[in-house]
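Open the model in your viewer and keep the selection panel at hand. This tour tells you what to select next and what is there.

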Amino acid sequence: MDQRQQIEELVYRTCLALDEQDFKGFLELCDESFRYSIAAFSPEIRKDMTWLDHDKAGMDTLLTNLPRHNSDHSPLTRHATVYRVSCEGERADVVSALQVFRTALDGGSTALFAVGRYYDTVKLGGSAPKLLKRVVRLVTRELGAGYHIPF
Amino acid sequence: MFKNAAEWAAKPKFPNSHYVDSRIYTDPTIFEEEKEKLFKSSWIIACHESEIPGAYDYRLFTHPTGVPLIIVRGEDTKVRGFYNICPHRGNTILYDPAGNAKRMTCIFHAWSFDTCGNCIDISRAEQGYQNRYRKEDTGLRAVKTEVGFGGFVWVNLDDASCTLKDYIGPALDLLEPHMREPMEVFHFHKAVINTNYKLWHDTNSEFYHDFLHYFNRITGMMQPGYFDRKYVGYTNGHASVGSMEIKYDAYAGSKVRKIGWPGLAPGGWILIDLFPGMTYNLRTSVLRIDTSVPLGPNKVMIEFRGLGLKRDTPEERAERIFDHNTIWSPFGRNLHEDLLAVYGQGRAMHEGTDSRWVIHGREENSTIHDEIGMRHFYAEWSRRMGRPAYDPFREGRPEPARAVA
């Protein structure tokens, strides 16, 4: 498998793991120095906003604590399309379009929940590429009641 | 014991002040009446002054009555409010939610207005109107606008309303020492939920629902001082809940908060509800402001703001944002739970579901799990609406024996 294909597959595997709520599997795709954030620009206050920001340990705790909280259990389906891969040395910057769909548990109707992009930094050079950093840059900002599981 | 239909419909075994008829949350007539009797003459937070820092900066706001507003800072730095409605053909004047406009020009026929609401240009005026109608004959509809109580911009659609100071009264005194420094909005988002706006305000007016929040149970409810927090009711239906020390490090992945807030004890928490749908929520290092904009009997849009201090260093601001996001962002632990709960109420209570009553009956000496905050709100609601919340259609039940505050 060539490098570009490996990188694309990494992005898609993170989507699959999160969709399946396989959080252990998701974190295994991330480097030890992994950083995850969700950001959005508000035209109302004309500012960039950060809505979630964790290192790998923080993500682990966030996901481990989930059963202790009351959450919307409607499953999400992430659809990513890798648009651009720029490799430099042992790193790659990857930009992917992201659509998140939410499916109602009762009846199974599916609606678009959010659109945005993944801005990923990928570590190359090991046996398999790993996610070093993911910024989920949301275009959608009205998320109803919100959601406990990161996109 | 389960209830049959008659028992389900029977009024609860509480004083009239301790429950409400569910139809106040669902009836379209009541909803329309609330806009006129409650929202039109109340002072409402439209935005914060930090959102319009410079001359000609503007911000749009949809008033809870449905009226679209422009909040704009003039060259003289004064903040004014106007209808975002062109007096010519009723078009929207400004479209973007915020921006900078020395001249506010309607895109339809290019009528222009200044930041004082004066019409400064009517395109081809003389050719069309000759001397019958001049720019001096028209202008934007101004609404009463004041800046105060932490630098928020408040509007009131009723030209004959009381002043903002009189409307708030002593309700924000508890927070006044903590709002002396200039603040700045760093977070804004809207949530549209299929529920009644009062159910959101109810949730902000009682802490019994801390059972909903794992975070609050272990950082608050299980800590000393939690059950000592007291409700105080004020004129015009406002209410406050005093502070306690939240033990943030009791939550895995959380930690003792370092940054704090001027004058607030470490881990402190003060919450003040303002009638009919706004909440100041100062917790540890962040001030959160909720403003409810009802969209229908069973639909509300809530504007959420997070504020820090204007003097924050980047490191301090980052810590406030982290604190905010842990519980209050769209991905935060508590906000999602709260919104899920009121969505559930809307789902169970909308017209036709045979929901009958909502009970506000807990009495615990006005402390944290007492439901006096809601009783205080509904006493004011009943007074302003001219309808008792326990019997809004006056179907024969007696008036309350006593007013409960």
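**Before you start**

This is a predicted model: local features need pLDDT of at least 70, side-chain atom pairs count only at pLDDT 80 or more, and totals for chains, interfaces and linings use all residues. Residues are numbered from 1 along each chain as its sequence is written, while chains are lettered from A and ligands numbered from 1 in the order in which they are written. Helices (H or I, at least four residues) and strands (E, at least two) are DSSP runs, numbered from the N terminus.

**Stop 1: where the chains touch**

Show both chains. Here 30 residues of chain A are in contact with 30 residues of chain B. Contact is a matter of C-beta atoms, placed from the backbone, lying within 7 Å. Now select β1 (30–42), β2 (47–55) and α3 (56–64) of chain A; each supplies at least two residues of the side that touches chain B. β2(A) gives the most to this side, with 6 residues. Colour the side of chain A that touches chain B by class: 11 residues are nonpolar, 11 polar and 8 charged. For these classes, Ala, Val, Leu, Ile, Met, Phe, Trp, Tyr, Cys and Pro count as nonpolar, Asp, Glu, Lys and Arg as charged, and the others, Gly among them, as polar.

**Stop 2: helix α1 of chain A**

Select residues 3–19 of chain A. This is α1(A), with 17 residues. From first C-alpha to last, α1(A) reaches 24 Å, close to the 24 Å expected at 1.5 Å a residue. That expected span is 1.5 Å times one less than the number of residues.

Which residues of α1(A) are buried? Pick A:I7, A:L10, A:V11, A:T14, A:C15 and A:L18. They lie on the same side of α1(A), because they cover an arc of only 130 degrees around the axis. The arc is taken over the directions from the helix axis to the C-beta atoms. Buried means 20 or more other C-beta atoms within 10 Å of a residue's own, exposed means 12 or fewer, and partly exposed lies in between, with C-beta atoms placed from the backbone.

Next, show what covers those buried residues. The cover includes α2 (23–28), β3 (76–88), β4 (91–103), β5 (110–123) and β6 (130–138) of chain A.

Stay on α1 of chain A and pick A:E9. A:E9 counts as partly exposed, with 15 C-beta neighbours inside 10 Å. Draw a distance to A:V82: the two C-alpha atoms are separated by 9.4 Å, at 73 residues apart along the chain. Then step past the helix to A:Q21, whose phi is positive, near 55 degrees.

**Stop 3: a hairpin in chain B**

Select β10 (residues 142–148) of chain B with β5 (residues 79–83) of chain B; they pair in the antiparallel sense over 2 bridges. Strands pair if DSSP finds at least two bridges between them. B:F82 has B:A142 as its bridge partner. B:G148 bridges to B:F152. β10(B) and β11(B) form a hairpin with 3 residues between them, and B:F149 in the turn has a positive phi of about 55 degrees.

**Stop 4: the seven-stranded sheet**

How many strands form the open sheet of chain B? There are 7, antiparallel, in the order β12-β18-β17-β16-β15-β14-β13. β12 (183–193) and β13 (231–233) of chain B stand at the edges, each with a single partner strand, so one side of each has no neighbour in the sheet. Yet β12(B) is largely enclosed by the rest of the structure, because 9 of its 11 residues are buried.

Zoom in on β12(B) and β18(B): 10 bridges join them. Follow B:K190 to its bridge partner, B:E303. β17 (residues 286–296) and β18 (residues 299–309) of chain B pair over 9 bridges, with B:K299 as the partner of B:G296.

**Stop 5: the end of the tour**

Go to B:E351, in the loop between α8 and β19 (357–359) of chain B. B:E351 is partly exposed, with 14 other C-beta atoms within 10 Å. Its C-alpha atom is separated by 9.4 Å from that of B:P28, 323 residues apart along the chain.

Definitions and conventions: Contact = placed C-beta atoms within 7 Å.
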